[in-house]
Amino acid sequence: MNNLFSIFKESANTFEGQEPGEKVVLLIRRHPFFIIIRFCGLVIAGGVPVVLLMSYVPYLQEQQLLHFTLWLASLWILVLWSFFSYSLTMYTLDVWIVTDRRIIDSTQHGFFNRMISELHMTRVQDVSVHIGGPIQSILHFGDLEVQTAGTEEHFKFIQIPHPEQVKDEIMKIASSQHAKI
Amino acid sequence: MEFLTPSLIFILLAILVLFVYVVLNFLIFYHLIRFGIGTQPKKIGIVFIAGSMMLFCINALFFLVVDFSLIPEQLGKVFGGIFTLTHL
């Protein structure tokens with residue numbers, strides 16, 4: 001039983017396909033701003049039936065429709081809850097993992113569509129950061145692009161928090177990997 | 001097709017919606033627990049499933065106290081009144 005609950009307390013950032021001895025240095029998700037914005041939208045959408053109900057309670061009671069309206073309102077909140085949970089799941093499963101050997105990009109597009117790509121640190125040549133716009137500057141988030149030695153597509157971290165710190169960390173790991181070769 | 005009464009159709013639809021809801025909840029919970037990296041997704045999964053159960057119970061309670069046989073008539077009265085006012 002203790003083992004079962006340990007996943008909520010002490011789960012090292014292990015992932016599928018992790019090599020023996022490979023250490024996770026950074027586990028990055030998009031900035032929480034995007035999920036907070038969605039949450040605010042849903043709170044407003046969920047608050048509408050509550051406000052309407054409160055202002056029409058005597059009338060609905062008189063018309064014997066109070067219970068029916070309460071049922072509809074709770075159904076609406078249930079739908080919003082499921083919608084928000086779905087968004088939160090997609091947000092949580094969309095991750096970039098920086099290990100001491102490679103960078104892994106795991107993108108979730110719906111329940112059954114997942115794309116995982118990886119880049120070895122030895123192939124990292126240059127890392128650039130792009131922070132554009134007042135919101136990104138105030139909240140310290142932006143895009144980070146990793147350029148590789150080959151002609152393959154560039155590796156992109158989209159709207160991640162503190163991209164400069166992530167860049168420094170990647171460059172540090174990449175230079176130590178280059179030194180080993 | 002005489003056995004397909006409106007109340008039976010309503011019950012079948014309710015069962016179908018419930019089935020879709022349960023499958024959706026299972027998929028969300030499974031993805032968070034199975035594919036989530038670190039402790040955060042697991043905690044979110046537990047909060048989500050607890051919230052879903054609570055909201056479902058509240059919804060089921062309201063559903064049980066509603067007398068659906070009265071609803072069409074009551075709605076007719078309310079919307080009939082509104083339409084009359086609009087027309088005037």
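Helix α2 (residues 40–65) of chain B has 26 residues, which should span 38 Å at 1.5 Å a residue; its end C-alpha atoms are 38 Å apart, which agrees. The expected span is 1.5 Å times one less than the number of residues. Helices here are DSSP runs (H or I, at least four residues), numbered from the N terminus.

This is a predicted model, in which local features need pLDDT of at least 70, side-chain atom pairs count only at pLDDT 80 or more, and totals for chains, interfaces and linings use all residues. Residues are numbered from 1 along each chain as its sequence is written, chains are lettered from A and ligands numbered from 1 in the order in which they are written, and side-chain values use heavy atoms, leaving out hydrogens and water.

Several residues of α2(B) are buried, among them P41(B), I44(B) and F48(B). Buried means under 20% relative accessible area, exposed over 50%, and partly exposed in between (1.4 Å probe, protein chains only). The cover over these buried residues includes α3 of chain A and α1 of chain B.

Two packed helices are described by the angle between their axes and the distance between the axes. Axes are lines fitted to C-alpha atoms, for helices over the stretch in contact, and angles run from 0 to 180 degrees between N-to-C directions. Angles under 35 degrees count as roughly parallel, over 145 as roughly antiparallel, 65 to 115 as roughly perpendicular and the rest as oblique.

| Helix pair | Angle | Axis distance |
|---|---|---|
| α3(A) (residues 66–93) and α1(B) (residues 6–35) | roughly 25° | within 10 Å |
| α2(A) (residues 33–62) and α3(A) | about 175° | 10 Å |

The angle makes α2(A) roughly antiparallel to α3(A). Residues in their contact (heavy atoms within 4.5 Å) include F39(A) and L42(A) of α2(A) and W76(A) and F84(A) of α3(A). By class, this contact has 18 nonpolar, 4 polar and 1 charged residues. Ala, Val, Leu, Ile, Met, Phe, Trp, Tyr, Cys and Pro count as nonpolar, Asp, Glu, Lys and Arg as charged, and the others, Gly among them, as polar.

By contrast, α3(A) and α1(B) are roughly parallel to each other. Their contact has 8 nonpolar, 6 polar and no charged residues.

T92(A) lies in helix α3 of chain A and counts as buried because its relative accessibility is 2%. Not counting residues up to four places away in sequence, T92(A) touches R29(A), L32(B), P41(B) and I44(B).

Conventions: Helices (H or I, at least four residues) and strands (E, at least two) are DSSP runs, numbered from the N terminus.
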